[in-house]
Amino acid sequence: MKKLIIVTGMIILASCGTLKQKSALPAEGQELPALAPSVIQDDPVRASGEDQDHLILATLWYQKSAEMRALYYQCFRNAAIALAENLAWAGRTKPAAVTIDIDETLLDNSQYQGWQVIENRAFNNEDWVRWVELARAEPLPGAVEFTRYADSLGVEVFYVSNRTVQEMGPTIQNMSALGFANADSAHMLLKETTSSKVERRAMIEKDYEIILLVGDNLADHSGVYEKRGTDYDFAAVDADRRLFGTRYIVLPNPMYGNWLSELLKKTEGRTEKEKLIKLLETF
Ligand SMILES: [Mg+2]
């Protein structure tokens, strides 16, 4: 219900004719009124803008399927087992660390995705920053507990995310309020110049041994997966098969990721939807 109220509030505020920016997210601290969902259907803004309907099914699955919830519990349970096993290995010369991505790994931003669909807004940085600054993302199932478990074992928890360094403040505010371990600037390696996480992992490895990597995008685990090959990197995944569930923990995200952005870059088409249909035709 809380989600519904927030999303509905964002939609109404965004479509209110008295606002200068019709489709803007509410500012931080601004109260969000609870309004009937039926208002969404009459929103005139819906008829214009950039169609994001291709996000509907993936976003609904993420928000409403019990399977998604079960998968997150399953992944974090597996992560806890793998972490304890890896910690028991002999021969480590440095303290142990775990690297964890933030978005769609620990924090659920699907409210923002849903808002994009309803308001016909393609992803853009301005909207995204306003969402981040609200600091209202909910934790994903099992996420908070996993970071606290790692911390209780003495494993240093590092957050390696492509939220930008400018988004550090509200990200810490959001995560510390939810009770994530080490939600502070010393443990948050955010994006400065490059989306690649290879350098940030190397920085951690100067003082720690990374014994587990957790994320919804394979680029959270290895630089190998940043640029997907013509086989979508299926062969690379097959070659790494023994790492999944032991060193790499992968969370499900059907809404976005390198799997999709890399495909769209390589596909011709006027709109994202046109490209997606073309991709289906190549199966
Ligand atoms: Mg992510």
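Predicted model: local features only at pLDDT ≥ 70, side-chain atom pairs only at ≥ 80, totals over all residues.

Reply: Residues are numbered from 1 along each chain as its sequence is written, and side-chain values use heavy atoms, with hydrogens and water left out.

Me: Which residues coordinate the magnesium ion?

Reply: Donors are N, O and S atoms within 2.8 Å of the metal (3.2 Å for Na, K and Ca); water is not among the atoms, so sites may look incomplete. Here, Asp101 (OD), Asp103 (O) and Asp216 (OD) coordinate the magnesium ion at 2.1 to 2.2 Å. The spacing of these donor residues in sequence is D-x1-D-x112-D.

Me: Is Asn253 buried or exposed?

Reply: Buried means under 20% relative accessible area, exposed over 50%, and partly exposed in between (1.4 Å probe, protein chains only). Asn253 has 9% relative accessibility and therefore counts as buried. Asp101 and Asp103 are buried as well.

Me: What is Asn253 in contact with, leaving aside its neighbours within four places in sequence?

Reply: Contact means heavy atoms within 4.5 Å. Asn253 is in contact with Tyr62, Glu104, Asp216 and Trp259, leaving aside those neighbours. Asp216 is also a donor to the magnesium ion.

Me: Which residues of helix α6 are buried?

Reply: Helices (H or I, at least four residues) are DSSP runs, numbered from the N terminus. In α6, residues 125-134, the buried ones are Asp127, Trp128, Trp131, Val132 and Leu134. They line one face of the helix, because their directions from the axis fall within an arc of 155 degrees, taken to the C-beta atoms.

Conventions:
Helix = DSSP H or I, 4+ residues; strand = E, 2+ residues; numbered from the N terminus.
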